[in-house]
Amino acid sequence: MELYEVLNKRRSIRAYKPTPVEDDKLRRILDAARLAPSAANRQPISFIVVKDNNIKQKLKDAYLRNGFLQRPIIICACGLPDKAWKRGDGKTYVDVDVTIAMDHLILAATAEGLGTCWIAAFKPKVIKEVLNIPNNIEPLVLTPLGYPEVIPEPTYRKPLEEIIREIK
Ligand SMILES: Cc1cc2nc3c(=O)[nH]c(=O)nc-3n(C[C@H](O)[C@H](O)[C@H](O)COP(=O)(O)O)c2cc1C
């Protein structure tokens, strides 16, 4: 699929078919995340891939709005703040690095015909407990990964003029 088609086709998918995701597709999608750029090439990222139904059941407590069980795979994108590049004023770029990698993953999933949905409104304490994440690693965003059951209409975007300030 051509890049602009992927960008136009991506949606937040909140209903999934139970169809399993093929291993080769999953690997290509994760590899797309690996290719992402990062500040000073520190690559302060890690991904936890959850297929186990018992763990998915436990993850339900971390995100009450949707059950996780019907989603074939849950991916948790984590940041490694100690490894991330910091600007001179101390600002860390770990969130930016994880976000870029996650967007690579999400767009690759779209190109493979799979659905995803950024999820930030989870309880980090529960996620850390259930996924056994040590203190120096921060879970930043989750996504389900699976074949879409329902593909929603595109959501509203501001017009280009509203988000661009041109200095000539
Ligand atoms: C950083 C981030 C966090 C998000 N967190 C959630 C979330 O916790 N739950 C949810 O249902 N959607 C979440 N979303 C999805 C947005 O609601 C969605 O991207 C937006 O409404 C635009 O719709 P679209 O993705 O279908 O284009 C999140 C998106 C981003 C980028």
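This is a predicted model: local features need pLDDT of at least 70, side-chain atom pairs count only at pLDDT 80 or more; totals for chains, interfaces and linings use all residues.
1. Leu 114 sits in the loop that runs between helix H4 (94-111) and strand E3 (115-116).

2. Is Leu 114 buried or exposed? Leu 114 counts as buried because 24 C-beta neighbours fall inside 10 Å, where the cut-off for burial is 20 or more. For the protein as a whole, 28% of the 168 residues count as buried.

3. Which residues does Leu 114 touch, leaving aside those up to four places away in sequence? The contacts are Val 21, Lys 25, Ala 109, Leu 145, Gly 146 and Tyr 147. Separately, Ile 13 is 101 residues from Leu 114 in sequence, yet the two C-alpha atoms are 9.2 Å apart in space.

4. Two of the residues that Leu 114 touches, Leu 145 and Gly 146, fall within strand E4 (residues 138-146). Strand E4 pairs with E3 in the antiparallel sense, over 2 bridges. Gly 146 is also the bridge partner, in E4, of Gly 115.

5. The sheet is open and has 4 strands, in the order E1-E2-E4-E3, with antiparallel pairing. Its edges are strand E1 (45-50) and E3, each of which pairs on one side only. Helix H4 packs on this sheet and touches E1, strand E2 (73-79), E3 and E4. The direction of H4 makes about 155 degrees with that of E2.

6. On the overall architecture, the protein has 6 helices and 4 strands. Along the sequence, these follow the pattern α-α-β-α-β-α-β-α-β-α. Of the contacts between residues at least 6 apart in sequence, 79% join residues at least 24 apart.

7. On overall dimensions, the C-alpha atoms fill a box of roughly 50 × 40 × 30 Å, taken along the principal axes. Does the radius of gyration agree or disagree with that of a compact globule? It agrees, because a compact globule of 168 residues would have a radius of gyration near 15 Å and the protein has 17 Å.

Notes:
Residues are numbered from 1 along each chain as its sequence is written. A residue is buried if 20 or more other C-beta atoms lie within 10 Å of its own, exposed if 12 or fewer, and partly exposed in between; C-beta atoms are placed from the backbone. Two residues are in contact if their C-beta atoms, placed from the backbone, lie within 7 Å. Two strands pair if DSSP finds at least two bridges between them. Axes are lines fitted to C-alpha atoms, for helices over the stretch in contact, and angles run from 0 to 180 degrees between N-to-C directions. The radius of gyration is taken over C-alpha atoms; the globule rule is 2.2 Å times the number of residues to the power 0.38.
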